[in-house]
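I'll jot down what I look up as I go.

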Amino acid sequence: MKGRMRYFYFLIVVALAGCATTHVLAPRLRVSDSEELVAKMKKSATPASTLIAEARITYFQAGKRLKATATMVSKRPGSLRYEIIGPHGGALEAFATNGKELQIAKLSESRFLYGPATPELLDRLLPFAPLTMPSSGWVNLLFGQVDIPLGASLKYDDSNGQFVLEFPRGKTMMSLNVDPETTRISTIKGLVDGNLQYEVGISAWAPEGIPQKLRIVVPSQELEVRLEFREIQLNKSLDESLFVLEPIPGIASEYLGQ
């Protein structure tokens, strides 16, 4: 009898453990299809068109850790500028793109490079991680958004209580986890032939409605980048000239296009 009771209690514990890992979606949070979810995501997204912030950047690669501080400025749809600040307050590196062309001044190396703002060139020059995105994709990411096409597949993952949106982008299959309560993105994955190319996690959102803490992982390069934004300002007026760097006097300009 005691043996049967112990077995009965064991079954109850197993059942409760299984229930603990299942997240039932509340009826008020249900959506009929991906279009309805995307509409909710757009409604909850910040309408701001510009962003200014200080970024604390931490790199982990090959067992090494590096830290940097940068000022970052972006303007929709695809304008981006950052300056990496040295320990004495001076700029070590500056980057700018207006979505068509890009320039980067590596002041510590006395180099000035420029070329078309292609995803491939952005992967080479941006210090964050290679995500094979145009500049508009990077700007969207800073605002916590991703362009999602019509017809994206939708499912609900009851193991983590998240919606999952999937759609192809070129050769990459995109997979987005979306919190049903906030309709904000929590994870972005890019897979090629089923292999994870990169993962972007948003672990905290600022009161201004943009990501405050991001974690980018690129398994093939054993790379992890963490970004934390502070002193966030939205919707400040920004002149287009801010997103074009002028060549540095006395330093030869290097063209990186075809």
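This is a predicted model: local features need pLDDT of at least 70, side-chain atom pairs count only at pLDDT 80 or more; totals for chains, interfaces and linings use all residues.

**Entry 1: a charged pair to start.** I began with E228, which forms a salt bridge with R230, the closest N and O atoms being 3.8 Å apart. For a salt bridge I need a side-chain nitrogen of Lys or Arg within 4 Å of a carboxyl oxygen of Asp or Glu. E228 counts as partly exposed at 26% relative accessibility, and R230 counts as partly exposed at 34%. My cut-offs: buried is under 20% relative accessible area, exposed is over 50%, and partly exposed is in between (1.4 Å probe, protein chains only). Salt bridges that share partners also join E109, R111 and E254 into one network.

**Entry 2: ground rules.** Residues are numbered from 1 along each chain as its sequence is written, and side-chain values use heavy atoms, with hydrogens and water left out.

Entry 3: How many salt bridges does the structure hold? I get 10. In one of them, E181 meets R28 at 2.9 Å, N to O. This pair links distant parts of the chain, 153 residues apart: E181 is in the loop between β9 and β10, and R28 is in the loop between α1 (2–20) and α2 (34–44). Helices (H or I, at least four residues) and strands (E, at least two) are DSSP runs, numbered from the N terminus. E181 is partly exposed at 48% relative accessible area, whereas R28 counts as exposed at 58%.

I also looked up R56 and E54, whose side chains meet in a salt bridge of 2.8 Å, N to O. R56 is partly exposed at 34%, but E54 counts as buried at 18%.

**Entry 4: strands around E228.** Which residue in β13 is the bridge partner of R56? It is E228, and E228 is the bridge partner of K213 too. Strands β1 (residues 50–61) and β13 (residues 223–234) run antiparallel and are joined by 10 bridges. Six bridges join β12 (residues 211–218) to β13, again antiparallel. Two strands pair if DSSP finds at least two bridges between them. The hairpin of β12 and β13 has four residues between the strands, and E222 there takes a positive phi near 50 degrees.

Entry 5: The peptide bond from R76 to P77 is cis, with omega near 5 degrees. I found P77 in the loop between β2 (64–75) and β3 (79–85).

T183 is not a glycine, yet it has a positive phi of about 55 degrees. Is T183 buried or exposed? T183 counts as buried, at 10% relative accessibility. D193, also not a glycine, has a positive phi of about 55 degrees, but D193 is exposed at 75%.

**Entry 6: a helix tucked in.** Helix α4 (residues 135–142) has seven of its eight residues buried, so it is largely enclosed by the rest of the structure. W138 and L142 are among the buried ones. Just after α4, G144 takes a positive phi of about 75 degrees.
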